[in-house]
Amino acid sequence: MRHALGLGARGLGRTWPNPAVGCVLVKDGRVVGRGWTQPGGRPHAEVVALAQAGTAARGATAYVTLEPCAHHGKTPPCAEALVAAGVARVVTALTDPDPRVAGGGHAILRAAGIAVTEGVEAEVARRAQIGFLTRITKGRPMLTLKLALSLDGRIATASGESRWITGPEARRAVHAMRLQHDAVMVGGGTARADDPMLNVRGMGDVPQPVRLVASRGLNLSREGRLAASAREVPLWLLHDPEATEPADAEGWEALGARLVPVGSAGGGLDPLATLRGLGAAGLTRVFCEGGGALAASLLGAGLVDRLVVFSAGLALGSEGRPALGALPRGPLAEAPHFRLVDHRALGGDVMQVWERP
C-alpha cells in the first residue's frame, strides 16, 4: 500500500477533477502490475495496472489507495474491471465519499467473491487525497496558502520590492509545490504589482497548473505577461460581474482567459463562494501565493487547510508590507490555529508546514 501511495502521488496536480490514485498488483510475492491515474484523470490506476499485469492479474492481490469506482462514466467501473481480471483480493486505503461510489465499489467486489480489506494506511491516504475529499464533501478544493516572509513577518519593502526575500532553494521548493496543485492563485493586487507568470519553472517539460487571479472588478492590465500567455497556459479570472465593466470582461475573454463569476462580500470577493466556484469547475487542490488581503480573507473565513511559511534571515522593519491584511477582531482563542507537521532548512531559509487540526 505504501508503494501504491507513492505511485498515486505522481498524479497530484494532473488528474483533476479525478483523484490521484495508485494501484499495485501482487502475485506470489512479486509485483505483476502497477499504475497511477494518468493526466486528465484517465485511464484510472487500476486499469493501467491491470493492462501491465495481463493474465498474471488472475489470482493476484490489488492494493488500491481509494475504493475502486462503481459508476459508469466515460470508462467502465474499475471494480468491474478487477472482477473481470480475476483478482482474488483487493486491499484499499479509503472508501470513496463520492455518492456515485460510497461503498458501491467494495460491494461489487464482495458480491463477486473477492476478499476485500479496507482502511490500510488510511490516515496517510487521507492526507494525500485531501483535495479530492474536500471537493466531494465540502464542495471546494483544498487550499494551501504559501507565505515568504522576513524575520519580522514582512513580504516586501515599503516600496513593494520583494524579489527575492527567500533564496533559490526555497524558490525551487515553491515550484515543486505548484506542480502538485491543480492551480496557483493570487489576488489582483499581486498581479498588478508583480506581473507574475505563476507557472512551474526549472522542473523540465511538465503540465502547467491553472493560473487564477482573484480580481473583483477585473481591473488588471491586459499588457502584462499573464495576458500575453493566456492562450498558452490556462488563465482563469475570478470576478464579480456586478462590479466588472463589460469591456474588461470581453477584452480578457478575447485574449483567451476564462472568467469565473463570483459574488462579493465585505467589499471583496466572497471567499467561500470563490472556492466553491473553483470546486464546481473541478479543481481539487489550489496553491495560493497571496497577497495580504486575499490571504487574510481566506484565513478569516477558515478556508486555509495547509499553511506553508518560508522565513528568510533578514528584517524589513515596520514600514515593510505585512504578510496578512486585517483579520476579524476577536479573542485569541478564535484566531486561526494550525499544527506543525513539517519543518526544515532550505539553504539560508526555514520552511514550516502547518495544517488545520
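User: How far apart are the mean positions of the positive and negative charges of the protein chain?

Analyst: Lys and Arg count as positive, Asp and Glu as negative, with His and the chain ends not counted; each charge is placed at NZ of Lys, CZ of Arg, CG of Asp or CD of Glu. In this predicted model, the mean positions of the 39 positive and 32 negative charges lie 6 Å apart. Residues are numbered from 1 along each chain as its sequence is written, and side-chain values use heavy atoms, without hydrogens or water. Local features need pLDDT of at least 70 and side-chain atom pairs 80 or more, while totals for chains, interfaces and linings use all residues.

User: What radius of gyration does the protein chain have?

Analyst: The radius is taken over C-alpha atoms, and the globule rule is 2.2 Å times the number of residues to the power 0.38. For 357 residues a compact globule would have a value near 21 Å, so the 22 Å of the protein chain agrees. Its C-alpha atoms fill a box of roughly 65 × 45 × 45 Å along the principal axes.

User: Which residues touch the most other members of the largest nonpolar core?

Analyst: Nonpolar side chains tend to be buried together in soluble globular proteins. Such a core joins buried (under 20% relative accessible area, 1.4 Å probe, protein chains only) Ala, Val, Leu, Ile, Met, Phe, Trp, Tyr and Cys residues through side-chain atoms within 4.5 Å. Here the largest has 32 residues, and Leu25, Leu50, Leu82, Val87, Val90, Leu94 and Leu109 touch the most other members. A second, separate core of 29 residues includes Leu294 and Val304. In the protein chain, 48% of the 357 residues count as buried.

Definitions and conventions
Buried < 20%, exposed > 50% of the residue type's maximum accessible area, 1.4 Å probe, protein only.
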